[in-house]
Each structure stands twice: as structure tokens, then as C-alpha cells.
Amino acid sequence: MCHFPDAGGDQCDGCGKLINAVELINPKCKICGAKPVIRQSKHLFINLPKITPELTEWVESVKSNWSSNAVAFTDTLLKGGLIERCITRDLKWGTKVPLEEYADKVFYVWFDAPIGYISITGNYTDKWEQWWKNPENIELYQFMGKDNITFHTVIFPSTLIGTNENWTKLKQISTTEYLNYEIDPATGKPKKFSKRNSVGVFGDDAKKTGIPSEVW
């Protein structure tokens with residue numbers, strides 16, 4: 001662990017490591033700040049160690065097209081060894097798990113959300129497989145912030161690989177570095193823009209400045 005103070009219960013934005021909530025060094029509730037109580041709960045996991053050989057082979061075949069930070073993040077995760085990853089949550093909102101035994105669970109958003117790329121195409125056209133099951137003719141390019149690298153170079157590709165079907169997978173990913181906002185007095189380091197942590201300049205704030213929208 002890198003001891004990043006704002007690490008979340010799914011990944012550390014300081015070093016990019018995938019973590020589970022019970023691994024946090026100093027866990028606290030985002031709402032009230034209290035220390036959470038650990039309870040037993042049955043969940044579904046994606047077996048990343050089993051998928052690692054095929055995932056690594058795929059990464060090596062395409063990473064020359066990736067941004068340097070995407071390559072560094074992904075290589076670090078693979079070299080450190082992937083662990084089984086929980087893909088369900090005890091929440092009331094989200095996509096329900098379609099299994100009777102897990103009827104009270106929903107899918108973890110970063111397992112579920114990338115699958116939405118496929119499902120939204122399926123909602124648009126019944127010919128969605130021409131895009132998503134056609135890797136010989138379709139190239140997938142993605143653009144995003146640095147904090148979403150892991151889910152698009154490890155979790156989502158592993159999900160596709162695990163089905164043993166011929167999916168169109170990521171070819172090129174372009175990822176930005178974190179935008180820094182101000183110095184954190186607690187650490188002496190810049191705080192990155194973060195919607196989750198309410199750090200940055202948001203739409204209503206930008207409007208109040210009177211600065212023309214094209215500048216933003």
C-alpha cells in the first residue's frame with residue numbers, strides 16, 4: 001500500500017492499485033466520517049488470476065498504441081499480480097444481479113458501466129455485433145482520465161476474454177494526467193480535480209465567474 005490518504009474502496013488514485021474496501025488502512029464513511037463495521041456478505045468475483053495469461057498476451061499485442069501512463073498503470077498491475085475482483089455490491093441502486101441467490105445485490109458500477117458501451121449500441125441497432133463482435137474490421141479508440149485506465153485496460157477486457165467469445169477489444173487508449181487544483185495543506189501536494197471528493201471547478205462555479213464558456 002502507498003498510504004495515499006484519499007484511497008477509495010475500489011482503487012487507490014495515488015498508485016492505481018486495485019483494492020477492496022476491507023484493505024483500506026484507515027477506512028471511514030464518506031458521509032459521517034465514522035469507521036465502518038465489517039460484516040459477512042456473499043458476493044460474485046471475476047477470477048482475474050485465471051484470465052491473466054490471456055490478458056497479458058492481449059495487452060502486449062496492443063499497448064504500443066496506448067498513452068504512456070496507460071502502459072505504466074497496466075504494466076504495474078500485471079507485474080504486481082492480479083487478484084480476484086468483487087463485481088457486486090450491497091446497494092439499493094444499480095443494475096440488479098440476475099441470479100436468485102444474489103437478488104439483493106447490484107453489479108459494481110465499473111464492472112457494469114463498460115458493458116454499457118455494448119448494450120447502448122444494441123439499443124440503437126440490432127446489428128450491434130457488426131461493431132462489437134468484429135475485431136478483424138473494427139478498431140476501438142477510447143479517451144479518458146487517468147483514473148479510469150484500470151477499468152478499461154484490465155477489468156473490461158478481462159470480462160470480454162472470460163466469455164471466450166470473439167469481442168472487439170480496445171486498440172488505442174489516450175489518457176490525460178490528473179488536473180491539479182490547489183495545494184492540500186495536509187500533504188503539501190496538489191489535490192487533483194475529483195468529482196467524488198468535490199475538488200475542482202464545477203459547472204455552477206464556472207458560470208458564476210463570468211468567464212466566457214469557450215474558455216472553459
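Modeller: A residue is buried if its relative accessible area is under 20%, exposed if over 50%, and partly exposed in between (1.4 Å probe, protein chains only). The model is predicted, so local features need pLDDT of at least 70 and side-chain atom pairs pLDDT 80 or more, while totals for chains, interfaces and linings use all residues. Residues are numbered from 1 along each chain as its sequence is written, and side-chain values use heavy atoms, without hydrogens or water.

Let us start with an aromatic pair. Tyr-108 and Phe-151 are both buried. Rings of Phe, Tyr and Trp (its six-membered ring) pair if their centres lie within 6.5 Å; planes under 30 degrees apart are stacked, over 60 edge-to-face, and the rest tilted. That rule gives six aromatic pairs. In one of them, the ring centres of Tyr-108 and Phe-151 are 6.4 Å apart and the planes stand at 65°, so this pair is edge-to-face. Tyr-108 sits in the loop between β4 (106-107) and α3 (109-124), and Phe-151 in helix α5, so the pair ties together parts 43 residues apart in sequence. Helices (H or I, at least four residues) and strands (E, at least two) are DSSP runs, numbered from the N terminus.

Now the packing of α5 itself. Axes are lines fitted to C-alpha atoms, for helices over the stretch in contact, and angles run from 0 to 180 degrees between N-to-C directions. The axes of α3 and α5 lie 10 Å apart, at about 75°. This makes α3 roughly perpendicular to α5 (65 to 115 degrees; under 35 is roughly parallel, over 145 roughly antiparallel, the rest oblique). From α3, the contact (heavy atoms within 4.5 Å) is made by Trp-110, Phe-111, Pro-114, Ile-115, Tyr-117 and Ile-118; from α5, by Phe-151, His-152, Ile-155, Phe-156, Thr-159 and Leu-160. By class, the contact of α3 with α5 has ten nonpolar, two polar and no charged residues.

Helix α5 (residues 149-162) also packs on α1 (residues 48-62), at about 105° and with axes 9 Å apart. These two helices are therefore roughly perpendicular as well. The α1 residues in contact are Leu-48, Ile-51, Glu-54, Leu-55, Trp-58 and Val-59. The α5 residues include Val-154, Ile-155, Pro-157 and Ile-161. The contact of α1 with α5 holds nine nonpolar, three polar and one charged residues.

Next comes α2. This helix (residues 68-80) has 13 residues and spans 18 Å from first C-alpha to last, close to the 18 Å expected at 1.5 Å a residue. Its buried residues are Asn-69, Ala-70, Val-71, Phe-73, Thr-74, Asp-75, Leu-77 and Leu-78. Their cover includes α1, α5 and β6 (170-176). Just after α2, Gly-81 takes a positive phi of about 90°.

Ser-67 lies in the loop between α1 and α2. Ser-67 is buried, at 17% relative accessibility. Beyond neighbours within four places in sequence, Ser-67 touches Ile-173, Ser-174 and Thr-175. Thr-176 belongs to strand β6. Thr-176 is partly exposed, at 48%. With neighbours within four places set aside, Thr-176 contacts Asn-69, Met-144, Gly-145 and Lys-146.

Conventions
Nonpolar A, V, L, I, M, F, W, Y, C, P; charged D, E, K, R; others polar. Expected span 1.5 Å × (residues − 1).
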